[in-house]
Every structure is written in C-alpha cells, then in structure tokens.
Amino acid sequence: MICYASAGQSRYALMFQQGMRTISEFYVRPVDDEELFNAAMEGLTAPLDQNSVYIAPPRYSDFRRELGQEFGGIGVHVDFNKETREMLVITPLAGAPAYEAGVQAGDVILAIDGVKLNGEDFDTSLKRLHGEKGTPVTLTVQHIGAEKPVDITMNRASIMVESVMGDTHGPGGKWSYVLAENPKIGYIRVDSFGDRTASDFEAALQQIDGKVEGIIIDMRGNAGGYLTAAIQMVDMFIDQGEIVTTRTRNNQIRDVYEASSGGTIVPKNLPVVVMVNRFSASASEIFAAALQDHHRATIVGERSFGKGTVQSIFPLDGDRRAMKITTATYWRPSGSNIHHFPDSKDDDDWGVTPDESWELELDDETLAKVIRSRRLHDVDRTNFADPSSADKREISEDEQALLDFTDPQLQTAIEAIQDAAK
C-alpha cells in the first residue's frame with residue numbers, strides 16, 4: 001500500500017521529468033534546462049490566481065528586498081486585470097524611480113519598452129519591469145482622465161523605501177506629522193507595510209504625542225505588505241480583542257491574531273480617522289477594518305480594493321527561488337471576509353466601506369488632481385526660500401494651483417476629526 005501511494009504521488013513528477021528530457025534531447029534547437037524549468041513552474045501556478053506565482057532568480061532577490069523595504073526596480077505596486085489584460089498601478093512608492101518620473105496611482109500600463117502588454121500573462125509583464133540597476137525602462141501609461149497615453153522613461157534603481165510619511169517636510173528634510181494648514185491635527189501617511197513600517201509608525205506617533213487633538217492615518221493607495229506590521233500597528237490603538245483571522249480551504253480557522261493587552265500607545269480618547277480609497281488593499285484593509293470593527297476609528301473615503309487573501313512564500317533550491325501561492329483568506333473581527341472574489345457583487349460584504357455619512361468617492365479628474373497635488377507636497381521645499389540654495393527655483397502657476405488645491409477626502413477627514421472631538 002505504501003508503494004502504491006508513493007507511485008501515485010510521483011506519477012506526474014515522473015511525467016514532468018520525461019517531458020523535460022524529451023525536449024532536451026529532441027527539440028530542433030538546444031534549450032537550457034533552467035529555462036525549461038522556469039517556464040514549467042510558471043505554468044504550474046498559472047491556473048491558480050493572479051497573486052499566486054513562481055518567482056525565479058534574480059527576481060526573487062528583488063522580491064525579498066522589496067518586503068525588506070530595499071526595492072530593486074522602478075518601485076510600483078501593480079495589479080493585473082485578467083479580463084482586459086491590463087496592468088494597473090495601485091501605487092508608486094514615494095522616492096522610487098517611477099514616482100519621481102511621474103507614474104501615478106491608477107495609471108494603466110499599456111506597454112513596457114514598446115512591447116504591448118495586451119495578451120501577456122502577469123508574470124511575463126512583471127519581468128519586463130525588472131532589470132539591472134541603472135538601466136532605463138520606458139512605460140507607456142494611460143493616466144486617469146487623460147485622453148491619450150504617454151511614454152515615461154526612468155532608470156531602474158535599488159533604493160531604501162520610505163513607508164511612513166507626513167504632510168510636508170520640516171527642518172533638515174524630515175517629515176512633519178501634522179497638517180501644515182491645521183497643526184492641531186496629526187497626519188501620518190502609510191504607503192506600504194514592510195520590515196520597518198511599524199517602528200517608523202510608532203516613531204511618528206511619538207513625535208506628535210500630546211500635541212494634537214486627533215490623528216488622520218492616510219492609507220489611500222496602500223497596496224499592503226507584511227501582515228505582522230499591520231497587526232503591530234492595530235495593537236497600538238486597542239488593548240483587547242481580535243485583530244484578524246486567517247482561514248484555509250474549507251473555511252478552517254488557521255490563525256487568530258489578538259491585541260496584546262499591554263496597553264495602547266495612542267490615548268483611547270484621541271479621535272482617529274483612517275482614510276481609504278479604491279487602491280487601498282490587503283494589509284491596509286486589515287488595519288482599517290480592525291479599527292472600524294472595534295469602533296476605534298472613523299473610516300473616511302471610498303470603498304477599498306478588496307484583497308483579502310494570504311500568500312505564503314515557499315522557498316525552493318536553497319532559497320534561490322520560491323513559489324508564492326494563496327493559502328488562506330483574511331477575516332475581519334466582525335466575521336466578514338475582506339476579499340473581492342471574481343463573482344462578488346457590489347452589495348456583497350467585501351473590502352472596507354467608509355462609515356455612514358463619511359463616504360466620498362472621487363471622479364477620475366478630481367483623483368488625478370489629488371495625486372498630482374500630493375506629489376508636489378511631497379517635494380522637499382525647505383531650501384527653496386534660500387537664495388543661495390542650488391535647489392532654488394520658481395514655482396509655476398500650474399504648480400501653485402495644485403499646491404493650493406483642496407483634497408476633498410482629506411477635508412472630509414478633518415471634518416470627521418472635528419466632529420469626533422466635539
């Protein structure tokens with residue numbers, strides 16, 4: 001019986017070896033064994049979902065550096081629409097080449113170095129974004145609200161990525177974690193969840209501790225990252241109860257994450273608002289959902305993306321390559337699943353929906369203005385007033401108009417803070 005079971009498990013492995021050997025021996029041209037293996041592994045994960053992929057070297061090294069907040073490439077979080085075969089930019093990482101070159105959240109990438117992506121699988125398209133540090137890459141993108149696509153060229157780089165940012169830069173170029181126009185309100189923007197995010201977030205909270213009447217946490221455009229970082233951050237706001245649960249196939253509970261009961265960093269009576277939008281996904285949704293379900297924060301903005309699946313990394317070949325496959329789903333404290341499945345309807349319970357009366361969906365034109373305005377506010381202008389500064393330049397009328405532009409969702413978040421503080 002043991003021999004029979006073993007034979008059954010190895011049947012397909014033997015056929016795989018036979019297929020590799022047949023191609024190696026009889027194909028009209030020599031084919032590298034690793035090239036065949038990589039193609040076979042990509043095919044193995046293709047029928048699963050867009051988040052389950054085989055990661056070949058050297059892309060695996062880039063993938064690990066990204067989660068460690070040292071990102072190799074151009075610095076974008078992307079999603080793939082299987083129906084339209086389009087690559088959507090969830091968010092460009094602040095300070096990375098794509099961000100500096102003008103790639104925006106919500107952009108659709110139509111081509112990479114002139115190669116159209118329509119018809120390609122997601123993994124092949126991702127490969128085109130990767131390359132050696134310093135090499136150029138040109139993206140053809142369709143901006144939100146724009147009539148025609150544009151070409152944007154940048155150089156690939158390996159950089160340390162900030163994931164926790166404020167509203168403007170203060171002395172020495174450091175972030176100021178209060179609103180420039182309303183310094184009694186704290187403002188912390190979380191771009192992604194990496195190795196240092198929780199500690200950087202805690203440092204930002206300590207910087208404004210006792211100085212503000214409320215805190216706005218901006219998770220718009222945050223595509224997620226490490227689950228542990230989101231859990232640690234929720235733990236700073238609540239001292240008891242469930243944060244998130246993961247369930248495997250057949251709806252079996254795998255892990256239950258709860259508050260540590262060691263007290264909170266943020267005073268319980270301090271008003272908190274979390275901002276989300278259609279590009280907030282995964283760990284950012286877990287963070288927002290937990291604070292919403294525990295009535296610790298008001299959620300403002302628009303319904304989130306709905307990525308509630310857990311991907312696990314399975315190293316292969318001595319940790320030189322890996323498989324990243326979906327192994328579980330995220331469930332919020334209320335008992336609802338976060339994930340937006342392909343057959344989910346708008347009136348189904350998925351993602352994170354803003355609290356009643358605090359929902360504000362932006363049209364494409366307004367969203368584009370918010371993105372461009374935020375980009376300009378992120379520029380360190382602390383030296384612009386110094387006539388001797390090499391960075392001194394005049395601000396154009398268009399730039400000034402964007403700097404003066406009022407972000408409707410941020411204004412709504414301010415109103416929510418003021419309402420809670422009454």
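A salt bridge here is a side-chain nitrogen of Lys or Arg within 4 Å of a carboxyl oxygen of Asp or Glu. By that rule, a search of the whole structure turns up twelve of them. This is a predicted model, where local features need pLDDT of at least 70, side-chain atom pairs count only at pLDDT 80 or more, and totals for chains, interfaces and linings use all residues. Residues are numbered from 1 along each chain as its sequence is written, and side-chain values use heavy atoms, with hydrogens and water left out.

**View 1. Arg220 pairs with Asp407.** The closest N and O atoms of this salt bridge are 2.8 Å apart. Arg220 sits in the loop between strand S15 (214-218) and helix H7 (227-234), and Asp407 in the loop between helix H10 (397-404) and helix H11 (408-420), so the pair ties together parts 187 residues apart in sequence. (Helices, H or I of at least four residues, and strands, E of at least two, are DSSP runs numbered from the N terminus.) Both Arg220 and Asp407 are buried, meaning under 20% relative accessible area with a 1.4 Å probe and protein chains only; exposed is over 50%, and partly exposed is in between.

**View 2. Asp293 meets Arg332.** Their salt bridge has its closest N and O atoms 2.8 Å apart. Asp293 belongs to helix H8 (residues 283-293), while Arg332 is in the loop between strand S21 (321-331) and helix H9 (364-378), so parts 39 residues apart in sequence get tied together. Arg332 counts as buried, at 8% relative accessibility.

**View 3. Asp255 and Arg254 join side chains.** This salt bridge spans 3.2 Å, N to O. Asp255 is partly exposed at 27%, and Arg254 is partly exposed at 37%.
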